[in-house]
Amino acid sequence: NPGPEVINPEDEVTDTEDNDEEDLGVMDEQRSVILHLLSQLKLGMDLTRVVLPTFILEKRSLLEMYANFMAHPDLFVSITAGVTPEDRIIRFVEYYLTAFHEGRKGAVAKKPYNPIIGEAFHCSWDVPKDKIKSIRTNSSSTVAKEQAKIQDLEPDRDQRGCYKVRFVAEQVSHHPPVSGFYSECKERNMCVNAHVWTKSKFMGMSIGVSMVGEGVLYLVEHGEEYVFTLPSAYARSILTVPWVELGGKVGINCAKTGYSATVTFHTKPFYGGKVHSCAGSSRHTPGNENARKFHSKRSYWALFKKCSTLIKSIPNLRLNFYFKKTDPRKKTFGSSCRYLWRHVTSALKVGNIDTATEHKHLLEERQRAEERQRAATNMPWEPKYFIKEGDGWVYYTPLWKTH
């Protein structure tokens, strides 16, 4: 472990990696493999250490999937531009819902690579400053008007150049398989730090994946911390055309302001019902007054209401999508996801499942051998970018510690 690498944003270019997944059903020969696997499983069985067939893999690591949660970085940066605590938590909910909208690639349910310990992924986004809304256009509060006057006097402050949003993820533990990820925008004094590990279980014709852990959004300018949890994911219809949906109740809480929000992701019932819907509310803890309710469905990612009055609705098609930027040299050396899994990915792209399985097995065997060697020499693994603090993992130089 040579320590953290110095990442120069000037070396990063717009990412051109083509990892699109085909939305095809399960082939007959693949169905027989799945049936054989299912015959050995029991309901509720933990799948963490079960070797799943290679053909269900999508061509990217779980760490890179976490990076796709930031595909709308303009909404992320806009959180700290909220004028009031209520405005900021609503902006956070807006960003939170869109993160899952882009996190999945395609409708078909495929499984990202399980990251090996020490694996890392770096990327960044450039967000034009004129895309960041400092105030809500439908606000008539005195505070908002004063903020607008300040912007008129300083038009160049938010109109020139781009904000840089940086992201780093690392696999910090093998048992349990914990991933840490951190993203920041130094210009706006904001960052998010999270640690999570997935726990899968067999549910008959579905597979449930719990996201264990939590994240914290830090708005350094306001001195606010927003603690949030993550929903579970479910792969349905695993013998026909598998698809993914989210389920469960998550919370967002800010102790300083007293504002909190809850989001319930509804799973589709066996008969009727709608897919990919959720509902929730944001409120101020003392008295729970002025609750803002919201719900989401396919055509609109967020509908906010206060006292039954529509506050805001934004169609998915109007969201800005930003391509991430990566260092192309990371594909050729080091502990980068794309370098470590390059042979598996190239084999999957041409449909050579046997070769992909072979390279996947070699990579996993190397990880096991290194783990045995560390155990024999009593040398625990030390991550490059994250430090163990209590039950979680924290980035080694987070913004809230350097300001």
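Me: E364 and K360, are they buried or exposed?
Reply: Both E364 and K360 are buried, where buried means under 20% relative accessible area, exposed means over 50%, and partly exposed is in between (1.4 Å probe, protein chains only). Keep in mind that this is a predicted model: local features need pLDDT of at least 70, side-chain atom pairs count only at pLDDT 80 or more, and totals for chains, interfaces and linings use all residues. Residues are numbered from 1 along each chain as its sequence is written, and side-chain values use heavy atoms, with hydrogens and water left out.

Me: What do E364 and K360 form?
Reply: A salt bridge, with the closest N and O atoms 2.9 Å apart. The term stands for a side-chain nitrogen of Lys or Arg within 4 Å of a carboxyl oxygen of Asp or Glu.

Me: And how far apart are E364 and K360 in helix α8?
Reply: Four residues, so about one helical turn separates them in α8 (residues 353–377). Helices here are DSSP runs of H or I with at least four residues, strands are runs of E with at least two, and numbering starts from the N terminus.

Me: How many salt bridges does the structure hold?
Reply: There are 15. One of them joins the side chains of R338 and E64, at 2.5 Å from N to O. That pair links distant parts of the chain, with R338 in helix α6 (residues 337–340) and E64 in helix α2 (residues 62–67), 274 residues apart.

Me: Which residues are linked in a network with E64 and R338?
Reply: D15 and K324, through salt bridges. R338 counts as buried because its relative accessibility is 11%, and E64 does too because its value is 4%.

Me: Switching topic: how many disulfides turn up?
Reply: Zero, searching the whole structure for pairs of cysteine sulfur atoms within 2.5 Å. As for cysteines, C191 is buried at 0% relative accessible area, while C162 is partly exposed at 41%.

Me: Okay, strands. In which sense do β11 and β12 pair?
Reply: Antiparallel, over six bridges, with β11 covering residues 243–254 and β12 residues 259–266. Pairing requires DSSP to find at least two bridges between the strands. They form a hairpin with four residues between them, and G258 in the turn has a positive phi of about 85 degrees.

Me: What's the bridge partner of N253 in β12?
Reply: S260. In β13, S260 has R283 as its bridge partner, and β12 and β13 (residues 277–284) run antiparallel, joined by eight bridges.
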